[in-house]
Amino acid sequence: MMKTKKINKSGGLTIPSDIRRSIDMDKGQAIDIEVQGGKLVISKHTPRCMFCQSIDNVVRHQNNYICPKCIKEMGAKVDE
Ligand SMILES: [Zn+2]
């Protein structure tokens, strides 16, 4: 499925409802936007570690996500 849209004056973009429905993406849902090979890729938000960008078993601490590996590394630095 492909649609042509214009970016509005404030830089916003409306994702057509049929495209949103086809991937079960709701209004107001957080999304991730990244550049891959010169293209924009928009996907449902996946929490990532704020340090290494891993998505494996991340835990939320205050308003950030951290993976177990980075927690362990920080713990080791505190113990030094
Ligand atoms: Zn990490």
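Where in the chain does Asp24 lie? Asp24 sits in the loop that runs between helix H1 (17-22) and strand E1 (31-36), helices (H or I, at least four residues) and strands (E, at least two) being DSSP runs numbered from the N terminus. The model is a predicted one, where local features need pLDDT of at least 70 and side-chain atom pairs count only at pLDDT 80 or more, while totals for chains, interfaces and linings use all residues. Residues are numbered from 1 along each chain as its sequence is written.

Taking the overall layout, the domain assignment of the protein gives domain 1 (14-45) and domain 2 (47-80); bounds of this kind come from an automatic or database domain assignment. The centres of domain 1 and domain 2, taken over C-alpha atoms, are separated by 26 Å.

Asp24 counts as exposed because it has 8 C-beta neighbours inside 10 Å. On this scale a residue is buried if 20 or more other C-beta atoms lie within 10 Å of its own, exposed if 12 or fewer, and partly exposed in between, with C-beta atoms placed from the backbone. Asn57 also carries a positive phi without being a glycine, at about 55°. Its place is in the loop between strand E2 (39-44) and strand E3 (59-61), and with 9 C-beta neighbours inside 10 Å, Asn57 counts as exposed.

Helix H1 holds Ile19, which is partly exposed, with 14 other C-beta atoms within 10 Å. Setting aside neighbours within four places in sequence, Ile19 is in contact with Met1 and Lys3, contact meaning that the C-beta atoms of two residues, placed from the backbone, lie within 7 Å. Ile19 and Met1 are 18 residues apart along the chain, and 7.4 Å separates their C-alpha atoms.

Next come the strands. E1 and E2 pair in the antiparallel sense over 6 bridges, where pairing requires DSSP to find at least two bridges between two strands. Asp32 stands opposite Ser43 in E2. The two strands, E1 and E2, form a hairpin with 2 residues between them, and Gly37 in the turn has a positive phi of about 60°.

Helix H2 (residues 68-79) has 12 residues and reaches 16 Å from its first C-alpha to its last, close to the 16 Å expected at 1.5 Å a residue; the expected span is 1.5 Å times one less than the number of residues. H2 is hardly covered, the count of buried residues among its 12 being 0.
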